[in-house]
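Please read these comments alongside the sequence and the model.

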Amino acid sequence: MSSQREIRLNAFDMNCVGHQSPGLWAHPRDRSWQYKDLDYWVDLARLLERGKFDGLFIADVLGVYDVYNGNGDAAIRQAAQVPVNDPLALVTPMALVTEHLGFGLTASLSFERPYPFARRLSTLDHLTKGRVGWNIVTSYLESGARNIGQQAQTAHDARYDYADEYLEVIYKLLEGSWEEGAILRDRERRIFSDPSKIHAINHHGKFFDVPGYHLCEPSPQRTPVLYQAGASSRGKQFAASHAECVFVVSPSKSALKKTVADIRCRAAEAGRDPHSILIFNMQTAIVGETDKAAQVKWQEYKNWTSYEGALALISGWAGIDFGQYQPDEVFTYAKTNAIQSVVDTFSTADPDKQWSVKAMAEWVGIGGFGPLIVGSAETVADELQSWVEETDVDGFNLAYAVTHETFTDVVELLIPELQKRGVYKREYRQGTLREKLFGGSARLQAPHPGAGYRIHEQSGILMPV
């Protein structure tokens with residue numbers, strides 16, 4: 001392949017068992033059942049930094065996949081993203097054993113109030129010396145909404161109206177409350193901070209009243225790198241306004257090309273450089289010393305996938321109970337509008353295939369909805385380069401089949417091949433995660449809306465026009 005464009009890589013994991021490969025926790029070489037142990041995460045962080053990964057992207061979900069058969073039994077039996085621990089606690093120990101690796105944290109603004117959450121973000125940005133990103137999600141599981149006292153999940157587009165104001169509060173706290181130079185640490189005068197340079201944000205909106213100061217002094221990035229994963233039209237509009245990195249799940253090059261073009265077009269309409277946003281597609285790569293060795297490994301992995309666990313995930317993602325259909329039943333557009341979006345996902349993966357429930361479960365069984373690439377380092381590198389060339393995507397969030405084995409194979413086999421081709425970095429840039437990803441400043445810069453909330457010449461908090 002001829003492309004010399006740098007490929008970006010994140011590892012994709014979750015503080016749970018199995019993540020995107022239901023059933024493979026039982027594989028004798030899989031370590032995901034150790035998710036609750038610090039050694040698991042410390043070992044993973046060291047491995048990824050050795051492979052010069054841009055970051056570890058940590059998914060999260062607050063709730064149980066209880067749509068399949070109308071209850072959570074299948075998800076619980078198969079460890080389909082339950083049990084699941086909090087992701088934020090993982091970052092500090094991993095940061096301690098690495099120097100460059102970034103950490104993209106998923107945290108739902110549906111379940112976190114902005115005032116205490118802003119403090120968590122600043123704390124982590126301080127402790128990591130500016131290597132934190134925040135994946136902004138609005139959540140989709142009804143079970144999560146019920147358990148924080150909501151009768152039901154808020155309507156989809158209304159969740160993004162809420163998100164817009166949530167981000168406004170976060171920007172005011174992180175960017176506008178403390179001026180540069182507010183911290184004096186003046187021992188002689190015994191003044192640590194200058195009150196004249198620390199401002200109450202006085203936010204009074206539709207969803208939030210936050211009158212006071214941010215509790216933390218400015219961290220290296222102030223606002224962490226902003227990730228977003230919305231696939232809907234409203235979600236992509238939100239991403240075009242706020243996101244610096246966008247996470248998508250497209251099963252084919254044709255689908256991904258349309259999605260990438262749509263996001264970049266929306267960013268341009270929002271007054272931003274379309275290529276100032278990095279777009280990552282979820283993929284899984286099974287890499288072997290040879291094509292045959294990789295195929296053998298794949299066939300071995302398939303013996304451990306869980307049909308029940310896969311359908312628990314698909315049902316939760318789609319909001320449709322796939323337990324009511326027979327394994328060999330083929331889905332068509334004649335079903336319901338709700339199911340059509342799921343069928344669309346699979347039809348773009350292979351338009352000529354008749355997608356039965358069993359075939360859907362087999363696709364999702366290793367790597368979730370994302371595409372799977374199997375082969376030698378040369379074969380996988382060819383394929384990843386062709387995805388970049390043909391779709392304009394910037395990189396990939398690599399899920400695992402078996403952990404840490406999948407990531408070890410990528411680090412030891414695939415990345416040296418990509419480096420040899422000149423499409424993957426040999427060294428990290430210095431600085432914060434934002435500087436490593438984009439160069440330039442550690443802070444948000446205009447025309448990003450967050451940059452508009454900074455103090456300007458003692459005139460108070462400057463609101464974006």
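The points below go from the strand pairing to the nonpolar cores.

1. Basis. This is a predicted model, in which local features need pLDDT of at least 70, side-chain atom pairs count only at pLDDT 80 or more, and totals for chains, interfaces and linings use all residues. Residues are numbered from 1 along each chain as its sequence is written, and side-chain values use heavy atoms, with hydrogens and water left out.

2. Pairing of strand 2. Helices (H or I, at least four residues) and strands (E, at least two) are DSSP runs numbered from the N terminus, and two strands pair if DSSP finds at least two bridges between them. Strand 1 (residues 8-14) runs parallel to strand 2 and is joined to it by five bridges, with Ala-11 opposite Leu-56. Strand 3 (residues 102-108) also pairs with strand 2 in the parallel sense, over four bridges; Gly-104 is the bridge partner of Phe-57.

3. Burial. Strand 2 (residues 55-59) is largely enclosed by the rest of the structure, because five of its five residues are buried (under 20% relative accessible area, 1.4 Å probe, protein chains only). Leu-56 and Ile-58 point one way, and Gly-55, Phe-57 and Ala-59 the other.

4. Cores. A nonpolar core is a set of buried Ala, Val, Leu, Ile, Met, Phe, Trp, Tyr and Cys residues joined through side-chain atoms within 4.5 Å. The largest has 82 residues, of which Phe-53, Leu-56, Trp-134 and Phe-396 touch the most other members. Helix 6 (residues 156-176) gives the largest share of this core, ten residues. Another core, of 39 residues, lies apart from it and includes Ala-80 and Leu-311.

Definitions and conventions: Buried < 20%, exposed > 50% of the residue type's maximum accessible area, 1.4 Å probe, protein only.
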